[in-house]
Amino acid sequence: MHEPRDPGELLTAAADDDRTAWDELESRFGPRMWAVARACGLNETDAADAVQGAWLRLLEHLHTIRDPSGVGAWLATTTRREAMLIARKGQTLALRVEIASEPDPAAAVLEADSSRLLWKTVSSLNEPCRTLLQLLATDLGYQQVALRLGVPIGSVGPTRTRCLEKLRTLIQLQETVQ
Amino acid sequence: MINDDYFLAALRLAAGNDPIPGHVSATARDAYGLRVPQAVTAAPAERAAPAGVRGTDGCHMIRFVAAGLTFDLEVTVGDGLIDIAGQVIPPPGEGSHVDVRTPHLTLTRRLPRTGQFAATGLPPGWLSVVCHRPGHAPVQTRWVRIRP
């Protein structure tokens, strides 16, 4: 087994004609870019365009990325920018996009490689937040979530807001400590 | 609120839900083949009709400038496909050609003395034009997204 290559090393190799390095960048960062595009409210076709756009921008900047080791964050940020441009053209998402252009720490969690930290933090929450967020992460509708938790469906939305707020505070605290 | 959406997307990512579709990964990998070594990239620039503005007849006028070359592109979207009429200014001279590229299709056009070219029936999505001139580095426009 080879040690996984550093992102900066992968970028340099890709700029130097190494296709396997490009493929490795894709498998490392593609899923996160997809999540970023979807988080901006894009449908599958538009999200695919946003992700593809970010890769094409990387091609344009293969030799000029200022911080090669931060290429993952660069790709996520570029995906978000392309996604917002696409959403803006659609106009219907204009309001949401304006809010998204000033992302809070939640965006940083998604754009940085913090999935494990996020999941660990969710697991440390008390009930019903822990189960609720785990269920929402699996894309269950409010009705299903209400059934599983044994609560009225009308309470799921407000509880969701409260639990996300709690999670946001905890993540912020951990980032401050780090 | 979008920030909650963002947070939930992070959770879904962490949970392994809403995975990236295979075709999106495959297209990203194939994009590597669209590299043009040593190319200079032309950035969008203003022109009399503002760049990227859609005219009443459904056509976009886009200008790109770099390395002393200007690309004027008139992009028309009709029937779900894209037609391009373009001009490279100043005319780049004998033996030059342009590649009109989308991620899945490249059409090559020899450039006449006027520097004008056309390409029709391109699939919607990302598009870029590369000008090749003997004795010069290739000049490519930035990728631009064209959808109906």
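**A:Asp49 and its surroundings**

I looked up what A:Asp49 touches in this predicted model, taking contact as heavy atoms within 4.5 Å, and found that, leaving aside its neighbours within four places in sequence, A:Asp49 is in contact with A:Ile86, B:Trp126, B:Arg145 and B:Arg147. I placed A:Asp49 in helix H3 of chain A, residues 44-60, where helices (H or I, at least four residues) are DSSP runs numbered from the N terminus. I noted that A:Asp49 counts as buried because its relative accessibility is 3%, the cut-off for buried being under 20% relative accessible area with a 1.4 Å probe and protein chains only. I then found that the side chains of A:Asp49 and B:Arg147 are joined by a polar contact of 2.7 Å; a polar contact is a pair of N or O atoms within 3.5 Å, where within protein one must be able to donate a hydrogen and the other to accept it, and residues adjacent in sequence count only if both atoms are side-chain atoms.

**Conventions**

I kept to residues numbered from 1 along each chain as its sequence is written, and to chains lettered from A and ligands numbered from 1 in the order in which they are written. As the model is predicted, local features need pLDDT of at least 70, side-chain atom pairs count only at pLDDT 80 or more, and totals for chains, interfaces and linings use all residues, while side-chain values use heavy atoms, with hydrogens and water left out.

**Chain B against chain A**

I found 39 residues of chain B in contact with 61 residues of chain A. The area buried between the two chains, that is, the accessible area (1.4 Å probe) lost on putting them together, summed over both, is about 4,700 Å², with carbon and sulfur atoms giving 62%. I saw that B:Tyr6, B:Phe7 and B:Tyr32 supply 18% of the area that chain B buries against chain A, more than any other three residues.

I recorded six salt bridges between chain B and chain A, each a side-chain nitrogen of Lys or Arg within 4 Å of a carboxyl oxygen of Asp or Glu; A:Asp17 and B:Arg35 meet in a salt bridge at 2.5 Å, N to O.

**Confidence in chain A**

I checked pLDDT, the predictor's confidence in each residue from 0 to 100, and chain A averages 81, with 81% of the residues scoring at least 70. In chain A, confidence is highest in H3(A), at 95, and lowest in helix H5 (residues 94-100), at a mean of 37. Where pLDDT is low, the predicted coordinates should not be read in detail.

Notes
Helices (H or I, at least four residues) and strands (E, at least two) are DSSP runs, numbered from the N terminus. Buried means under 20% relative accessible area, exposed over 50%, partly exposed in between (1.4 Å probe, protein chains only).
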